[in-house]
Amino acid sequence: MFAIALIKVLGAVMLLLYAVRMVRTGFERVSGPSLRRTIGKASANPFVGALSGGAVAILLQSATAVAMLAAGFAASGFMSTAAGLAILLGADLGSALVVQFLSFDLSWLIPLLLAVGAWLFLKLDARTAKQVGRIMIGIALVLMALQMISESTEPLKQASFMPAVAGYLASDPSTALMIGALLAFLVHSSVAAILMIVTFVEKAGLPLDAAVPLVLGANIGAGLVALWLTRAMDLKARLLPIGNFLFRSGGAVLAMALLSPLEDPLAGLATTPGQQLVTLHVLFNLLLMLSCLPLVRPVAWVLDKWTTRSTAQPGEVPLAPKSALDPGAVTVPRLALASATRELLRMGEVVAAMARPVILMLEKGEKDQIQQLQKSDAAVNQIHSDIKLYIAEVSRGELNQEDAERSMELVSFAVNLERAGDLISKNLYGLALELQDRKIRFSDDGLKELSNMHDRVLANMQLAMNVLVSGDVESARELIAEKDHMRELERESHGLHLERLTSRTPESIESSNAHLEVMRSLKEINSLFAAVAVPILAEQGQLRDTRLVPAE
């Protein structure tokens, strides 16, 4: 009986983790660039930064995802350590609010979410509609997983070992704290860990004396997850999860010390033990945010000082990412072309990393930040040159027709990526420098239009990288269809810009040339990435030879 219950619990937990990831993926695909920009624009005001982090964490259902976004900005120098710590404190509270929402009885929503979500995902072709459908299906699966956990843990209440386990955890809060941390780390989700603990209290008879340290420990474990995931990143990026972990672990230990002497510490928080735990979790993160926000600047100062002492001495060269081009595979075309494909992925990621802060730099970039981003184009040019020489070496051997065509496709895409890097470095960042020197700003409407185009380009870059590896025909069709969407966005923005010029909007008059140049550059970059889909669709006979209507 116990073995069957354990298998059911594990299956339900895996479904819960998959469903949470499904929701997060949907939000990232439908508005990922916007969410990144929200984090990137977080105000120097810690409270506003915390609100931004909380809002994004609620959408992504994960404080860890916010931590990874913020760490990326910190590594690039676009975000101070203090601002990043404030964002992470807000994200912790946002994640706790997700737990509060999911703890309600929403089983009546499951059929509706599944019906509408599946219809959107399966029947509509629009990207946004599909991802909204994915999100709705994910939420339904989360609710189903919680029901499964509830049903599968209820028999444990009758298990003979349960009183002994519960009594041990209740009598040893330190061990319970560590077990809660381990649970959250293993499932890589504080949301899933807290919901599991709540279910064990409600259905398996786990006492609150044992559950309270488990919940506080889960907050420590959630901080460990971000530390683990950023272990290979730059030290500047790791400062944010380090600081956040110090806040969470220190707060959890202090809360445990304050609650342990109390006979019934959760009395009055809610009517049921499960809701009492959820309320404790939310209150803990709320009080942690409010008490630690005034400390983010001094803590950031200490961490930054530590970074300065720990960085390499002048003259030391940081290790560059290792090339995927394998010289030993040159004589084996199949392996060599696979190596070239991996290197193209690396090249595409460098170009995408250059492109992400474009709107931020056009809006309020600092000169040194912009120039630092422009230097990344040298890496793109080097990878481009390496790929061409490598494939030229491969082509000296015996290639069948399929490998010869594939090699030319890879070279062609490498040329496209190199051109995209030039457009970003020379055109877009060149414009950013000019705008900052002349103190020119886009109008609010104009900036919003450019941001929408930029979001679309970033999403299409990731889609193009997926198509490069998978060769999926449906994804390739979606990528080519995006060229039409970009054309429509450009036409619409061009018309609205002319209307603003007609109405003599001062910002639009000053930034007119820049606005049009940014539109053209974004459209061309999108086309360069979309070209990866052309040979795939051409092979399947799904491309027209010309867009012209046949002459009569």
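Predicted model: local features only at pLDDT ≥ 70, side-chain atom pairs only at ≥ 80, totals over all residues.

Biologist: Let's start with α18. How many residues does it have, and how far does it reach?

Modeller: Helix α18 covers residues 401–438, so to speak 38 residues. From first C-alpha to last it reaches 54 Å, close to the 56 Å expected at 1.5 Å a residue.

Biologist: Where does α18 bend?

Modeller: At Y429, by about 25°.

Biologist: And which residue caps the N-terminal end of α18?

Modeller: That's N400, with a side-chain oxygen 3.2 Å from the backbone nitrogen of E402.

Biologist: Is K439 buried or exposed?

Modeller: Exposed, because its relative accessibility is 66% and the cut-off is over 50%.

Biologist: OK, at what angle do α18 and α19 pack?

Modeller: About 165°, with their axes 13 Å apart. That angle makes α18 roughly antiparallel to α19, and α18 passes α19 in a left-handed crossing.

Biologist: Switching topic: what's the phi of R504?

Modeller: Positive, about 60°, and R504 is not a glycine. R504 lies in the loop between α20 and α21, and at 62% relative accessibility R504 counts as exposed.

Biologist: Last one, α12. How many of its residues are buried?

Modeller: 14 of the 20, so α12 is largely enclosed by the rest of the structure. Helix α12 runs over residues 273–292 and reaches 28 Å from its first C-alpha to its last.

Notes. Residues numbered from 1 in each chain as written. Heavy atoms only, no water. Helix = DSSP H or I, 4+ residues; strand = E, 2+ residues; numbered from the N terminus. Expected span 1.5 Å × (residues − 1). Buried < 20%, exposed > 50% of the residue type's maximum accessible area, 1.4 Å probe, protein only. Bend = angle between axes of the 7 residues up to and from the residue. Polar contact = N/O pair within 3.5 Å; in protein donor to acceptor, adjacent residues only side chain to side chain. Axes fitted to C-alpha atoms, helices over the stretch in contact; angles between N-to-C directions. Parallel < 35°, antiparallel > 145°, perpendicular 65-115°, else oblique. Left-handed = near helix turned anticlockwise from the far one by under 90°.
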